[in-house]
Amino acid sequence: MIEHCLYGVKVFCAFPLFDRPVPVSAVAPGEHAALELRLGSDTGKQPLAKEQLPEVHPLYTAHGRELYLHTDRELARSAPGQPWRLEVEGVVSFSWTGGEPVIDYQLHEQGTQPLLVFWFVHIFLPLHLTLERGYDFIHAAGVEVHGEPILFIAESTGGKSTLADYFLKQGHPMLSDDKVATFLEQGRFYAVPSHPHHRPWREYEVLGDPVENFAASANPIHAFYLLEQGEPGSETEITEVVGFRKFEELLPNYLYSFSFLQRQRLRWLAQLADQSLVFRVKRPWNMDRMHEVSEAICAHSRGIGKVAG
């Protein structure tokens, strides 16, 4: 079995998921049991039929596919022994049992190995870790500056992937392209490396371009930067967000906000907002001035590090 490390968790599979290895040192702090991805027909166990999983929950449409979550009871946090299946219409289904570390996959008529890898890495694992282990994901792009994670948040098409791409080209390690796993350990919130791919452009069902300079370990979150569009000729302005406004800004970017997770989500967000530095970046909407924005954020990040120290 080949060992990978995704979202801070070791994952074993019979074939390599990527062309290059993921640093196994990028595990999350604390104890996290490894997972195994395997072909369902190799287990000698037939997957449960749909009629045996009567609770069907349409999730959302992603990359032009409908997603459905199947189980045998009303939707709630996974319980030991509970059967689950995530179905990606026409492509693949992932089945697992609550509390157990094995995920069985079954390809459908349009399924291929590249599509299996995409849906497993990009969609299934964050959802599975949320349901099974209570992980919290935030919709952001993350890079390391001076060895510390900073996270970019923006509305859709707001430029966070484009800015992260510029940072990568300047030699900063990538932490995550789109989904950042966060963990509370000994009173500090950590950001964990996701997978070594970056997609500054939008195309369905692809992980993106391989990233050579990928973050090798989980580290405490240094700061959040909320990106706002300015005029092409304006200067970069960075101002701190304080008080309850930090909570309000982070709330829309919490992923997988199932109703049964609402209490956990609000508690987690309140702690995260209370312990995190959040800044608003109003920057010129001008690709030719990206270097100015990058330099301003790097200088600012270094400056708050000195203040905190």
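Glutamine 264 is in contact (heavy atoms within 4.5 Å) with Arg77, Gly134, Tyr135, Asp136 and Tyr254, leaving aside its neighbours within four places in sequence. The structure is a predicted model, in which local features need pLDDT of at least 70 and side-chain atom pairs count only at pLDDT 80 or more, while totals for chains, interfaces and linings use all residues. Residues are numbered from 1 along each chain as its sequence is written, and side-chain values use heavy atoms, with hydrogens and water left out. Glutamine 264 lies in helix α4, residues 262-275. Helices (H or I, at least four residues) and strands (E, at least two) are DSSP runs, numbered from the N terminus. At 14% relative accessibility, glutamine 264 counts as buried. Buried means under 20% relative accessible area, exposed means over 50%, and partly exposed is in between, with a 1.4 Å probe and protein chains only. Glutamine 264 and glycine 208 are 56 residues apart in sequence. In space, their C-alpha atoms are 32 Å apart.

The interior was examined next. In soluble globular proteins, nonpolar side chains tend to be buried together. A nonpolar core is a set of buried Ala, Val, Leu, Ile, Met, Phe, Trp, Tyr and Cys residues joined through side-chain atoms within 4.5 Å. The largest such core has 73 residues. Leu6, Phe94, Trp119, Phe120 and Phe152 have the most contacts inside it. Helix α1 (residues 113-133) provides the largest share of this core, 13 residues. Another core, of 21 residues, lies apart from it and includes Ile138, Ala140, Ala215 and Val278. Leucine 6 has contacts with Val11, Leu17, Phe18, Val22, Phe120, Val121, Leu125, Pro193, Ser194 and His195, its neighbours within four places in sequence left aside.

Rolling a probe the size of a water molecule over the atoms shows where empty space is left. On a 1 Å grid over the protein atoms alone, a pocket is an open set of points where a 1.4 Å probe fits, with protein on both sides within 12 Å along at least five of seven lines. Lining residues have an atom within 4 Å of a point. The largest pocket holds about 790 Å³ of space. This volume is the space filled by probe spheres set on the points, which are joined across faces, edges and corners. The lining of the largest pocket has 33 residues. Of these, His139, Ser156, Lys160, Asp178 and Arg202 lie nearest the centre. By class, the lining has 13 nonpolar, twelve polar and eight charged residues. Here Ala, Val, Leu, Ile, Met, Phe, Trp, Tyr, Cys and Pro count as nonpolar, Asp, Glu, Lys and Arg as charged, and the others, Gly among them, as polar. At least two lining residues come from each of β4 (55-62), α1, α2 (160-169), β20 (278-284) and α5 (290-308). Helix α2 gives the most, with four residues.

Helix α2 is largely enclosed by the rest of the structure, because seven of its ten residues are buried. The buried residues are Lys160, Ser161, Leu163, Ala164, Asp165, Phe167 and Leu168. Just after α2, glycine 171 takes a positive phi of about 100 degrees.

Positive phi values also occur in loops. Most residues other than glycine have a negative phi. Histidine 146, however, has a phi near 55 degrees. Histidine 146 sits in the loop between β10 (141-145) and β11 (148-153), and is partly exposed, with a relative accessible area of 45%. Glutamate 205 also has a positive phi, near 55 degrees. Its place is the loop between β15 (197-198) and β16 (209-210). Glutamate 205 counts as buried, at 15% relative accessibility. Valine 206 is in the loop between β15 and β16. Valine 206 is partly exposed, at 25%. It touches Phe118, Arg199 and Trp201, not counting residues up to four places away in sequence.

The cysteines were checked last. A search of the whole structure finds zero disulfides (pairs of cysteine sulfur atoms within 2.5 Å). For cysteine 5, the nearest cysteine sulfur is that of cysteine 13, 15 Å away. Cysteine 5 is buried, with a relative accessible area of 2%. Cysteine 13 is buried, with a value of 1%. Cysteine 298 is in helix α5 and counts as buried at 11% relative accessibility. Not counting residues up to four places away in sequence, cysteine 298 touches Val145, His146, Phe167 and His172. Cysteine 298 and valine 145 are 153 residues apart in sequence, but 6.7 Å apart in space, C-alpha to C-alpha.
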